[in-house]
Structure formats: structure tokens, C-alpha cells
Amino acid sequence: MEVIEILREVSNRIYENVKDLAGTEHAAGDFGVGAGGDISRNIDITAERTVLDYLKEINFECVVLGEECGRVELSKNPKGYVIMDAIDGSANAVRGVPFFCSSLAFATENKLSSITDGVITNLANGEMYWASKNKGSFLDNQQIQVNDAEPIYKIVGINTSGATTELMKQLHPIFENHNHTRHFGANALEMALFARGLMDIFIDLRGKIRIQDIAAGYLIVKEAGGLLLDADLNPLDADLSYETRVSFIAAANKKILDEIMAQIKK
């Protein structure tokens, strides 16, 4: 069984197990602070348990790096790392806002750049975004790519949650010059929408994003033809450590990258 098929199957299982949980009183609960630093909710724990149970069931030899559970070694001779944010957008999921997802990726080494497979499933409707290295990105069974045409409405995705006053001042021209800014509360799913061509650039310069949040999106964006850069406009890469925090910019092409970046105050 190929890695991508394993990730797709377990993503389907997550969807089946949590689709009726979101927005109910059973979605919340406080299970303490997870490995990623956020409070673990019942819906998070349910989703992670689904993944771990399935990987054990099929004896998939790997190390799991989970948002809540931390590092779980399922083999002494692992084939690689499963990087898991079983529920990205937990606040939306608990409240019942229909914008949250699961994000699963597989890496052969301890680097973002070694990711070979990724799956993001929209847990509000079951849509599945997936990619394998050098094989393109897909939404369900249809190949997708970033928007490379001049858009009728330019949509700028930008995450400013918890941003400093200094960063907000730097970003202010973007808000001033582009009315169509968006942030929905689940970075992985927003990266998938970008890969699908529904946004033209997605910016997160807070230095707060964890690897679990972007691992699957990293590959899906690249395989869809997008540029994925760090805050210094170098190709994005990082290790898979729990201490790692990154900033990133996903752009459909160099033209819009240059246009938007020229507006950010230094």
C-alpha cells in the first residue's frame, strides 16, 4: 500500500469520526496543553486517536509527530515521519464554524523538504486535497493548480492572529490597498484553497506557525505550481522539531509576489 493511500484512508476515517462532533458540546473539553502548545480538545483527541489506531492496525513503521500527542514511535526502524495536525482550526471545529481540516504528511527525513506525500481534508464537507512528490496536486480526483491568470478580484490571504503592533504597521499598506483580504482560521485548509487557485497569495509573517500546521500544505502548494518562501524570500525549509516556528509566503507567481512584497514596510 502506497504512503499516499495510507494517508488518504486515515483522513477518510477522521472525517467519518468527527463530522457529527463539530459544534456540539462533546467537541470541547479540556485535555491539557498538547505538544504543540495549544489546549487539546475532545475533537482533537478523537481525530489523533483515529490516526494512531489505524497506523498501528496496518503496522506502518513510522514516527508520528502529532500536534497533541507529541512524538510517538511506532517502530524502532521507521520508514519516516507522519506529521499530523489531526484537527487544524480547532476553535472553528469546537464552535461549529465550517472551516477546519485534518492535515497529514509523510517525510523521509527530519526536514520539510523531504516530504513526499500530503493530504488535507476539509472536515466540514469531506473534500480531500492531496499530493505526492513530482505527481501533481489534486482535489478529490481532479488535478489542481494555483491561479496564474490575472484575477477579477485579487484575494490576499493574510494571518495576523496575535501579530505584534510592529508587524501590523508593516502590513498596513496591504490592508489599505487590497480590500479583499482573508483569513479563515485554519492555515492548512487555506493553503489548500490557495493551491486550488482561490487565493492569489497567502502571507503569514508572525513567526508562529508550527510544522504540523503546514507540512501537508507545503507539498500540495509546491505540486500545484506555487512559490513557497520564507520571510527572507528564500525557498521555505525547516526541521520538524516541536520548537520550530516559521513564517512563510505562498504566491501564485513572481509578479504578485513582487507586487505585494513591495508594499510591506521594512
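**Helix α6 and the chain around it**

Hi everyone, let me start inside helix α6: I211, Q212, D213, I214, A215, A216, G217, Y218, L219, I220, V221 and E223 are all buried there. Please keep in mind that this is a predicted model.

Buried here means under 20% relative accessible area.

Now for its geometry. Helix α6 runs over residues 211-223, and from first C-alpha to last it reaches 18 Å, close to the 18 Å expected at 1.5 Å a residue. Where is the kink in α6 centred? Look at G217: the kink there is about 30 degrees, and G217 is also among the buried residues I listed.

Let's zoom out to the protein chain. We have 7 helices and 13 strands. The radius of gyration is 18 Å, close to the 18 Å from the globule rule for 266 residues, so the chain is as compact as a globular protein of that length. Along the principal axes, the C-alpha trace spans about 50 × 40 × 35 Å.

Burial across the chain comes to 55% of the 266 residues. As for contacts, take those between residues at least 6 apart in sequence: 63% of them join residues at least 24 apart. Finally, the surface: the chain exposes about 11900 Å², with carbon and sulfur atoms supplying 46% of that area.

Technical notes
Residues numbered from 1 in each chain as written. Predicted model: local features only at pLDDT ≥ 70, side-chain atom pairs only at ≥ 80, totals over all residues. Heavy atoms only, no water. Helix = DSSP H or I, 4+ residues; strand = E, 2+ residues; numbered from the N terminus. Expected span 1.5 Å × (residues − 1). Bend = angle between axes of the 7 residues up to and from the residue. Buried < 20%, exposed > 50% of the residue type's maximum accessible area, 1.4 Å probe, protein only. Rg over C-alpha atoms; globule rule 2.2 N^0.38 Å. Contact = heavy atoms within 4.5 Å. Areas by Shrake-Rupley, 256 points an atom, 1.4 Å probe, with all protein chains shown as cover.
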